[in-house]
Amino acid sequence: MIVLLTGDDQHAIQEQLNQYKAEIDFQWLTLCYHRFSADHLDRAMSVARTRSLTGGKKLVIVENCHLKQWGMTELETLQQLMQVPESTILVFVATNIDKRLKIYKHLVKYAKLLELPLIPPWRTDLIEKAISTEAEKIHLRLSPDAVAYLAVAIGNDITRAATELRKLSIYAHGRKLKLAEVKELVPCQTQNSLQLAAAMRQGESNQVLQLLDDLLSRAEPLMVIVSTLITQFRTWLWVKSAIVSGVKKDSELAQLCRISNPHRIYYLRQEVANTSINALAKAVAMMLDLEMSIKRGAEGKDLLPAILSASRLFKVV
């Protein structure tokens, strides 16, 4: 079996690799479990083409294969894919790939493509579902409001979610945990960022400065701050757009705006009541531009002008 495993959800990728590893007889792991970097493709293919000495399955993992680093030499090496025996599980792991590449088109002729992208931070419904699934795996029982809190507190960092859920499981010792207990054990890293979004929407420049300074002084990751802002402003924009379009029922608003908890609509209505839809749309665009700037190397000092500019969109004249 040949697999091209791609995506930026590192937790899900590792879980998938662990599943493949579990198919190998534990006593033969030394002989049947191999990991190579993409720079050693020739060695990886040589091992993959050789049948296991034990007669069972063999797992060969080739890591960091973004494919662009491979040229004609590697393409020739990959002609050997048809020689890989069924008993070998050959996995190519890539964070992201360009599907236009010739080498990709050759690879997927023989490999099963398995894409595991990170859940978008604004899809709280999917984050809640992922947290519930992880909790079920370790027999951890959580109240619905506790799951909703964890989705906000942790965001789409499913790797951290798995760690926090294991901690909660040890504490619970089989009990069903309530919201108050979960809050005590799992800090909300996005809470101040949510406060920052609220201050921006209200045009409170002084509060924006104070909150941003606090976040940066605590070395809060820039992407966490901006992802939270994007999530919040996008949610406000969706709700405002739906209301302007004539949607009146909370249940319909929740469905259209992908909000898992319909009770939250009451508060969102109040938050966007006196807010301009144009200002919200511009703020979302500005935050997306800021996200791209951070990915290109922008630093903390670069956040202030963009965030203040977005805040001024909502300044009451």
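**Entry 1: α11 and α16**

I started with a helix pair and found that α11 passes α16 in a right-handed crossing. A reminder to myself that this is a predicted model, so every value here is computed from it. Helix α11 covers residues 205-217 and helix α16 covers residues 303-312, and the two pack at an angle of about 150° with their axes 10 Å apart. Angles over 145 degrees count as roughly antiparallel, and α11 and α16 are therefore roughly antiparallel to each other.

I then looked up who touches whom. From α11 come Ser205, Val208, Leu209 and Leu212, and they meet Leu303, Leu304, Ile307, Leu308 and Ser311 of α16. Sorted by class, this contact of α11 with α16 holds seven nonpolar and two polar residues, with no charged ones.

**Entry 2: α12 and α15**

Next I turned to another helix pair. I keep in mind that two packed helices are described by the angle between their axes and the distance between the axes. For helix α12 (residues 222-244) and helix α15 (residues 277-295), the axes come within 9 Å and cross at roughly 155°. That makes α12 roughly antiparallel to α15. The crossing of α12 past α15 is left-handed.

The contact list runs along both helices. On the α12 side I noted, among them, Leu222, Val226, Leu229, Phe233, Arg234, Trp236 and Lys240. On the α15 side the residues include Ile277, Ala281, Val284, Met287, Leu288, Glu291 and Lys295. By class, the contact between α12 and α15 has 17 nonpolar, two polar and four charged residues.

How many of the residues of β1 are buried? I found that five of the five residues in this strand, residues 2-6, are buried. In a regular strand the side chains alternate between the two faces of the sheet. I checked both faces of β1 and found each covered: Ile2, Leu4 and Thr6 are buried on one side, Val3 and Leu5 on the other.

Two partners turned up. Strand β4 runs parallel to β1, and five bridges join them; here Leu4 stands opposite Phe92 of β4. Strand β5 (residues 112-115) also pairs with β1 in the parallel sense, over four bridges. In that pairing Thr6 stands opposite Glu115 of β5.

**Entry 3: Thr88**

I stayed with β4 (residues 88-94) and picked Thr88, which lies in that strand. Is Thr88 buried or exposed? I read a relative accessible area of 0%, so Thr88 is buried. Setting aside neighbours within four places in sequence, I found Thr88 in contact with Met1, Ala48, Thr50, Lys58 and Val60. With Ala48 the sequence separation is 40 residues, while the C-alpha to C-alpha distance is 6.3 Å.

**Entry 4: two histidines with positive phi**

Last, I went through backbone angles. Most residues other than glycine have a negative phi. I noted His139 with a positive phi, near 60°. I placed His139 in the loop between α6 (124-137) and β6 (141-142). Its relative accessible area is 69%, so His139 is exposed.

His173 also made my list, with a positive phi near 55°. Where does His173 lie? I found His173 in the loop between α8 (158-172) and β7 (176-177). At 73% relative accessibility, His173 counts as exposed.

Notes: Residues are numbered from 1 along each chain as its sequence is written. This is a predicted model: local features need pLDDT of at least 70, side-chain atom pairs count only at pLDDT 80 or more; totals for chains, interfaces and linings use all residues. Side-chain values use heavy atoms; hydrogens and water are left out. Axes are lines fitted to C-alpha atoms, for helices over the stretch in contact, and angles run from 0 to 180 degrees between N-to-C directions. Angles under 35 degrees count as roughly parallel, over 145 as roughly antiparallel, 65 to 115 as roughly perpendicular and the rest as oblique. A crossing is left-handed if the near helix is turned anticlockwise from the far one by less than a right angle, and right-handed if clockwise. Contact means heavy atoms within 4.5 Å. Ala, Val, Leu, Ile, Met, Phe, Trp, Tyr, Cys and Pro count as nonpolar, Asp, Glu, Lys and Arg as charged, and the others, Gly among them, as polar. Buried means under 20% relative accessible area, exposed over 50%, partly exposed in between (1.4 Å probe, protein chains only). Two strands pair if DSSP finds at least two bridges between them.
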